[in-house]
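Here's a quick briefing on one protein chain. Take a look at the sequence and the 3D view, then work through the points below.

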Amino acid sequence: MKISALKYSVVLLSTLLPCITDAKEVLMAFSQDIPPYIFQKHSKGIEIDIIAAALAYKGHTLKPLYFPLGRVPIAFTNKLVSAAMGDMGVDLESQGGFYGDPAVIYDNVFITLKSRAISIEKPNDLDLLNVVSFQGADKRYPKWLKKVQEEDRFYGISDQLTQVKLLHYGRYDVVLSDRYIFRFFVKQMNLMNVLEVHEVDEHKFTSPNPDDYRPVFRDKKIRDDFNLGLSKLKESGEFDKIYDNYMNL
């Protein structure tokens, strides 16, 4: 019995060994704080938790490295990391990147103070308006922001709490942000009682394109392992549980 058990253990170990040796640490470039998707201080958040869990399905471990949002693709291009949370409008396939399936999809909208009664239905409606947004938005939405950027009316900043403040202080007319990120920071400001929060209007100007939010990997096999893990997360319901955990904060 002892010999049989030993043989079984050896066979089992030889079966698992390729999976163990193939497991790698994935150094991935993420933006600095984008709650509820990324909490830099604790290396947690919807996006980080989903990507970490998807990679773990095949034994890989995620190690986040944080940059200003606009420098995420630069970090990948300069080979400072082995993966990036997204390309911010820069083609990383030409830099040896393999695109994975999107872990999250940001639902970006234009946001204005309701008291301003601003209507945004076409690019020309942004004429004479100052827009603050996440870095790289001008590259992602050139149809809407090219003229704004050329006329120096666009301000890209990775700190999205500042975007909310700039709108409420009247420094900028329009915020371009994911609606959940904006609502999260408004809720935080209400809790902190740091300024008077006003009602806002959301102006939907585009349908989210999943291709805009695909993570990029330097290793094709790790990309494939990630995609498999992500599909398993969705099948099991764990994907939705991660979202719900943060949306109820």
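**Strand pairing**

Glutamate 202 of strand E9 is the bridge partner of isoleucine 111. Strands here are DSSP runs of E with at least two residues, helices are runs of H or I with at least four residues, and both are numbered from the N terminus. Keep in mind that this is a predicted model: local features need pLDDT of at least 70, side-chain atom pairs count only at pLDDT 80 or more, and totals for chains, interfaces and linings use all residues. Residues are numbered from 1 along each chain as its sequence is written, and side-chain values use heavy atoms, with hydrogens and water left out.

**More on strand E9**

- E9 (residues 200-203) pairs with strand E5 (residues 108-113) in the antiparallel sense, over four bridges; strands pair if DSSP finds at least two bridges between them.
- Asp201 and His203 sit on the covered face of E9, while Val200 and Glu202 are on the uncovered one.
- In a regular strand, side chains alternate between the two faces of the sheet.

**The whole chain**

- The protein chain has nine helices and ten strands.
- Its C-alpha trace spans about 80 × 40 × 30 Å along the principal axes.
- Of its 249 residues, 46% count as buried; buried means under 20% relative accessible area, exposed over 50% and partly exposed in between, using a 1.4 Å probe and protein chains only.

**Helix H2**

- Helix H2 (residues 46-56) is largely enclosed by the rest of the structure, because eight of its eleven residues are buried.
- Those buried residues are Ile46, Glu47, Ile48, Asp49, Ile50, Ile51, Ala54 and Leu55.
- They pack against several elements, including strand E1 (25-31) and helix H8 (220-236).

**H2 meets H8**

- The axes of H2 and H8 come within 7 Å and cross at roughly 110 degrees; axes are lines fitted to C-alpha atoms, for helices over the stretch in contact, and angles run from 0 to 180 degrees between N-to-C directions.
- The two helices, H2 and H8, are therefore roughly perpendicular to each other (65 to 115 degrees; under 35 is roughly parallel, over 145 roughly antiparallel and the rest oblique).
- On the H2 side, the contact (heavy atoms within 4.5 Å) is made by Ile50, Ile51, Ala53, Ala54 and Leu55.
- On the H8 side, the residues are Ile222, Asp225, Phe226, Gly229, Leu230 and Leu233.
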